[in-house]
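I opened the notebook to record what I looked up in this structure. The entries go from the whole chain to single contacts.

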Amino acid sequence: MEAQLDALLQQISIYALPAIVAITFHEAAHGFVAHKLGDDTAFRMGRVTFNPLRHIDLYGTILLPVFLLLISGGRFVFGFAKPVPVNFGALRRPRRDMIWVALAGPGINILLATVSALLFYFVPYVPAIAREWAGDNLAVSVVVNVILAVFNMIPLPPLDGGRVAVGLLPDVLAFPLARMERYGIFILIALLILLPMLGERLGVNLDVVRYVVSFSARYVLHGIGWLTGAG
């Protein structure tokens, strides 16, 4: 039991910092771009900040991921932060600017993943006692940021990809998709948890979201590895 606890604490120490940084930058980027494009809602509420305490949700960012980490043995972790409030009607060109605000989060995550990959070149200069831990954190940072970016680009509101789709699609498709936002979180829970559970009972792999995300993430990771030479 003690060995299992030590292993869990080791996992948390490696995953926690990259995940918190990824989520914090993701949410702050939404607010920053919204502010630049005319909506100061997030700025006035103090959400355009790199202070993680302003973005962390006790349930979504801490309790849910730890619970899933425990019950899945590290195979499945999912969480979320407090959404940055954006008044799309206050943007100078709401339909177009909504796309840029939505893309800001995944965009900053791809940038963080690229920077983390480049920082691998400095790991040999880290003191020996912390070298392995630093390398593991950077590796996790690359993967977590890529997965966060790819997952958020699923074209389902309230995810960023859903907002991008609403901004790009013709009205006849955009309006029904936008109206799905109130049900989006329930659809996600069904796709992420209930559908795979049903598949296990039926002996069929129905983990569609994980397949799509992992398939797409592999190509993004390959691209970052090619770009940085750290692959």
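Entry 1, whole chain. I looked up burial and found that 38% of the 231 residues of the protein chain count as buried. Buried means under 20% relative accessible area, exposed means over 50%, and partly exposed is in between, with a 1.4 Å probe and protein chains only. The model is predicted, so I noted that local features need pLDDT of at least 70 and side-chain atom pairs count only at pLDDT 80 or more, while totals for chains, interfaces and linings use all residues. Residues are numbered from 1 along each chain as its sequence is written, and side-chain values use heavy atoms, with hydrogens and water left out.

I then looked up secondary structure: the protein chain has nine helices and zero strands. Helices (H or I, at least four residues) and strands (E, at least two) are DSSP runs, numbered from the N terminus. For contacts between residues at least 6 apart in sequence, I noted that 67% join residues at least 24 apart. Contact means heavy atoms within 4.5 Å.

How do the axes of helix α4 (residues 94–119) and α5 cross? They come within 8 Å and cross at roughly 160°. Axes are lines fitted to C-alpha atoms, for helices over the stretch in contact, and angles run from 0 to 180 degrees between N-to-C directions. α4 and α5 are therefore roughly antiparallel to each other; angles over 145 degrees count as roughly antiparallel, under 35 as roughly parallel, 65 to 115 as roughly perpendicular and the rest as oblique. I listed some of the residues that meet, including Ile-110, Leu-112 and Ala-113 in α4 and Val-142, Asn-145 and Val-146 in α5. By class, the residues of this contact are eleven nonpolar, five polar and no charged. Ala, Val, Leu, Ile, Met, Phe, Trp, Tyr, Cys and Pro count as nonpolar, Asp, Glu, Lys and Arg as charged, and the others, Gly among them, as polar.

I found a cis peptide bond between Pro-157 and Pro-158, with omega about 15°. Most peptide bonds are trans. Pro-158 lies in the loop between α5 (128–152) and α6. The C-alpha atom of Pro-158 is 8.0 Å from that of Arg-182, 24 residues away along the chain. Arg-182 is in helix α8 (residues 181–202) and is exposed, with a relative accessible area of 60%.

Helix α6 (residues 160–168) packs against helix α7 (residues 171–179) at about 150°, with the axes 8 Å apart. That makes α6 roughly antiparallel to α7. Gly-162, Ala-165 and Val-166 of α6 make the contact with Ala-174, Leu-177 and Ala-178 of α7. I sorted these by class: five are nonpolar, one is polar and none is charged. Eight of the nine residues of α6 are buried, so α6 is largely enclosed by the rest of the structure.

I looked for ring pairs, where the centres of Phe, Tyr or Trp rings (for Trp, the six-membered ring) lie within 6.5 Å; planes under 30 degrees apart count as stacked, over 60 as edge-to-face and the rest as tilted. The count is three aromatic pairs. The ring centres of Tyr-211 and Phe-215 are 6.0 Å apart and the planes are at 20°, so this pair is stacked. Tyr-211 and Phe-215 are four residues apart in helix α9 (residues 208–228), which means about one helical turn separates them. Tyr-211 is exposed at 54% relative accessible area, whereas Phe-215 is partly exposed at 36%. Ring pairs link Tyr-211, Phe-215 and Tyr-219 into a cluster.
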